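Student: I am new to this structure and would like a close look at one part of it. Could you take me through a single chain and one residue inside it?

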Amino acid sequence: MKKNNWKAWLYLLPAMVFLGVFMVYPLIDVCIYSLEESYNFASQSYTGVGLYNFRYVLSDPYFVRALQNTFLIVAITVPLSTGLSLLIALGLSSIKPLRNAYQTIYFLPYVTNTLAVGLVFMILFKRTAYTDGLINLLIAKFGAGPVDFIEGPYWAKMFVMCFYTIWVVMPFKILILTSALASVNPDYYKAARVDGATSSRIFWKITLPMISPTVFYLIITGFIGAFKAYSDEVAIFGTNLNAAGMNTIVGYVYDMLYGDSGGYPSYAAAAALILFAIVFTITYINLTFSKNKVQYM
Amino acid sequence: MKVVLENLTKQYQSRNIKGQTVTAVNNFNFEIPDGQLIGLLGPSGCGKSTTLNLISGLETPTSGRIFFGDRDVTSLPPEERGVGLVFQNYALYPHLTVEENIIFPLQNLKGAQKMTKEAMHAKAMEVAHLVQIEPYMHRKPREMSGGQQQRVAIARALVKIPQVLLLDEPLSNLDARLRLQTREELRRIQRETGVTTIFVTHDQEEAMSISDLIVVMKAGELQQIDKPQNTYDDPANLFVAQFLGTPQINTFEARIQDGRVFIGDEAVLEVSGQKDRPVWATVRPEGFIHTENGALTCRLDRVEVMGRDVSVVSTHPAMTGRNIRTIIAAEEAPDITGETVRFNLKPGKVFLFEKDSEERIRL
């Protein structure tokens, strides 16, 4: 074994080179940028070293707004989308006819282009000179006044955003959960039926524990994905997210680098590291919490 | 609890050909006496497991009725029938401990039957003692051997004191040594509880060794219900004769002519009052007497020495199957050599069957 060690390293070399150049080096660079004050790309110069970038970012109202938006989106969409997906997956696995047709329909949003979906949402929600949008027409039927979902009040915009996010992330979750449910040995259900368990008890005591690793996987990746939200916001509210008040942390990072107010790699690096710290903490909490709850067979 | 099946039939839609039905269980009529251990025996695909599922209520019959005692349970769901079911793969909930698995059925009880935690624990310990798994109550199923998991599955099935205990191939996932041991164990548990127990098996030795009654099935049709020894000594038809017994019974194409049974040109047995016709003649391996002037002449293939007895392998033009296997006690077997070997037949070990219907010809 020992003798051939160099061979093993050789096999690993291509992957290590690529990861090193495109992952590790940039990561270290981000850390360095975040500490260099007033770093300038063009002149490669900076004025000092310290935590000023972090202080600036944390006190920037745009960042605070982005932070707030991101947390709201995460807190609303992750539990809702996971729960709804589980319900739909349960429904799908308990019907026989047309199951494949339904599965295809439910999976369609996953393969649809984000911007195309964004356009559909515009038609649903956006008020133009000619129409109030489909949803407003519907609301009007119940006698409620028109709401400007795209350029109106914050709650309306957040509603559209969460609605959209949930709708976009659900297909993948449904797909994964349906296959997880299908992999549960039907003998367990038969045994539980003979033992007189009610369907709700079967769900909580048998089905859910059996698919808990999958549910947990979806929650973790759901959190991470929602924290990284950006393109969906652009699809609905356009590129100037700060003006719309719907920016996210990743959006803020992008703006700091390339946006109209861009050219501040140090602020961008600091914001990115703050996001990293948040995601890391949340994932750590998730993992600790799940140790007692998730059943790995 | 006595179990009665009346004209029980189960048909499925064929999966391959649309509109075609497959009959898994065809018009079963039998009665299982109270407190007995019954083996449902047959080759795979004969409808044994379907019969078990019908009795458990997991499947509903196409027609016919099922009675537990005098109670018609045909339309009752499984949980209201009072059955315990043990699955071939045990179906123990992997995320629950042994004790949690065993009390699971008790936790489902409703209304007046509801039990306290202490009562459930006591009940669980009681059945755990019966199947001898008390030291493992806090283990997860995966931390146990196959035999132990099997016991847990039986304990879970017994904890509600079922009226009927059903076991689907209970021993097929165990290795040979454990199978023997668990078989005895099953018999003991059944004796101690006195629960009417029905188990499915394709292993005739298993069925023979522990059952009070054997139900032999083939392709959804009931072949014979009898005491184990009777199914061997007194088979109802050619299938039962050929299915039971190792080595397998030897089958010859024969004919009845002038009150005698002929295999080839040799008369091997006297039968009176039978009209002349072609028949199947079957002879158990131990039904041959090796002698110089025997009635049946076979071409000797080889002799296999097995210690206690000797197995003579020979061939005959009228045989079906690959060869004729006869078993002779070692001390009675002189050196068997040469081209041919001759036997007389023990009348009690020879069964005759109709050529077409394969039904037994009672002599």
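**A walk through chain B**

Tutor: In chain B, 65% of the contacts with a separation of 6 or more are between residues 24 or more positions apart; two residues are in contact if their C-beta atoms, placed from the backbone, lie within 7 Å. Please keep in mind that this is a predicted model, where local features need pLDDT of at least 70, side-chain atom pairs count only at pLDDT 80 or more, and totals for chains, interfaces and linings use all residues. Residues are numbered from 1 along each chain as its sequence is written, while chains are lettered from A and ligands numbered from 1 in the order in which they are written.

Chain B holds 8 helices and 21 strands, which are DSSP runs numbered from the N terminus (helices: H or I, at least four residues; strands: E, at least two). Its C-alpha trace spans about 80 × 50 × 40 Å along the principal axes. An automatic or database domain assignment divides the chain into domain 1 (3–236) and domain 2 (250–354), with 40 Å between their centres, taken over C-alpha atoms.

Now let us look at B:Leu37, which sits in strand S3 (residues 37–41) of chain B. B:Leu37 counts as buried because it has 22 C-beta neighbours inside 10 Å; buried takes 20 or more other C-beta atoms within 10 Å, exposed 12 or fewer, and partly exposed lies in between, with C-beta atoms placed from the backbone. Leaving aside residues up to four places away in sequence, B:Leu37 touches B:Arg187, B:Gln190, B:Thr197, B:Ile210, B:Ser211 and B:Asp212. Across the whole of chain B, 41% of the 363 residues count as buried.
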